[in-house]
Amino acid sequence: MNLIKKQIAPLKKEPCIREIFQQREQSFLSEYGTPSTQTTRRKEETNTCNIRTPFQIDRDRIVYSNSFRRLKYKTQVFLSPLGDHYRTRLTHTLEVSEIARNIARAFAVNEDLAEAIALGHDLGHTPFGHGGETALIEVHSPHFSHAYQSLRVVDVLENKGEGLNLTKQVRDGILKHSKGFGNILPATPGQTAITVEGRIVRVADIIAYLNHDLDDALRAKVISKSEVPDICLKKLGKTHSARASTMIEYLVYNSGPHKGKFVLDMGEDAFHAMTILRKFLYDKVYRSPVVHNEFLKAKKVIMGLYHYFIEHPDMMQIELEKMEMAPWDAQKNVLKRSVCDLIASMTDRYALDLYTKLFFPNPLV
């Protein structure tokens with residue numbers, strides 16, 4: 001009797017939810033969008049998620065980080081605002097994320113990538129906003145920037161020194177989101193992100209802060225509505241909502257392919273009005289006596305803490321442990337680098353409380 005061995009076909013593996021979604025990406029992403037299949041991380045990971053794409057994982061790692069939670073007590077413009085309706089660095093981040101997602105959806109590029117970059121773009125911002133950043137530039141290094149510090153947070157500071165191991169595209173977008181008082185839409189190679197999504201976040205950031213900083217300045221009565229340049233009200237709108245919608249629409253309808261690349265463009269009228277509004281905010285709000293005088297006080301706090309920890313590295317170790325950061329390792333970082341990391345990671349209230357504890361007399365009762 002001949003025994004015939006039957007060949008058993010291997011069980012067909014059904015694609016997981018992540019794979020199904022990544023297949024769908026190929027159909028709804030434009031040619032300028034970034035597929036989530038084209039990612040690399042700083043360190044290779046053997047385990048993959050069956051539900052989430054790499055960019056979705058990056059978003060979740062950022063949201064669940066200590067640095068993200070600390071943003072709720074970091075200054076946007078007004079130091080430690082007592083009013084419940086003023087923006088903080090956290091609410092600013094959420095507004096940037098919302099704007100970036102809307103723009104990315106309109107362009108049919110990767111919303112998850114834009115969201116992840118937006119949520120992580122200010123993780124390295126100092127306490128006391130740009131006043132704290134200026135202080136670290138003066139006392140630590142002229143090359144300090146919150147954008148580089150944000151990249152440092154996700155690469156080496158979070159997760160007790162292990163970092164978040166984010167994708168290349170998210171890390172690049174975080175590093176290149178900042179423009180300071182430079183061009184809103186620079187075209188210089190190397191200055192802007194390698195992805196359209198990263199460049200969208202850069203513009204979403206300025207759309208967000210131009211609108212909410214103006215809103216907060218009016219609320220705080222630092223300026224009056226009559227002082228706002230007429231061209232900004234006429235071209236962009238008379239309310240926060242109208243101005244944000246106008247800026248987004250101008251960007252969406254004026255941008256598009258040009259010589260094989262996707263070029264972001266606001267249109268001449270909107271760009272001109274935005275430029276005037278930004279200059280107005282710098283002159284009348286960010287550099288106003290009300291805001292500037294508080295920043296001068298904040299700089300003294302930052303500098304005092306910096307010099308103290310340089311002289312007392314043992315106390316720095318204690319504070320690093322409290323903030324769930326990796327202990328200082330002289331083999332990896334010079335002392336001043338770790339001191340800078342510690343201070344940049346503090347919230348406004350943490351820095352103020354610590355400064356009070358270290359430098360104010362404690363009366364005996």
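**Loops and a helix**

Modeller: Let us start with Glu 324, which sits in the loop between helices α14 (313-322) and α15 (335-345). This is a predicted model, so local features need pLDDT of at least 70 and side-chain atom pairs 80 or more, while totals for chains, interfaces and linings use all residues. Residues are numbered from 1 along each chain as its sequence is written, and side-chain values use heavy atoms, without hydrogens and water.

Colleague: What does Glu 324 count as at its relative accessibility?

Modeller: Glu 324 is not a glycine, yet its phi is positive, about 60°. Buried means under 20% relative accessible area, exposed over 50% and partly exposed in between (1.4 Å probe, protein chains only). At 45%, Glu 324 is therefore partly exposed.

Colleague: What is the relative accessible area of Phe 128?

Modeller: Phe 128 lies in the loop between α5 (111-120) and α6 (129-139). Although not a glycine, Phe 128 has a positive phi of about 65°. Phe 128 counts as buried because its relative accessible area is 1%.

Colleague: How far apart are the end C-alpha atoms of helix α9?

Modeller: Helices are DSSP runs (H or I, at least four residues), numbered from the N terminus. The expected span is 1.5 Å times one less than the number of residues, so the 24 residues of α9 (residues 196-219) should span 34 Å. That agrees with the distance in the model, 35 Å.

Conventions: Helices (H or I, at least four residues) and strands (E, at least two) are DSSP runs, numbered from the N terminus.
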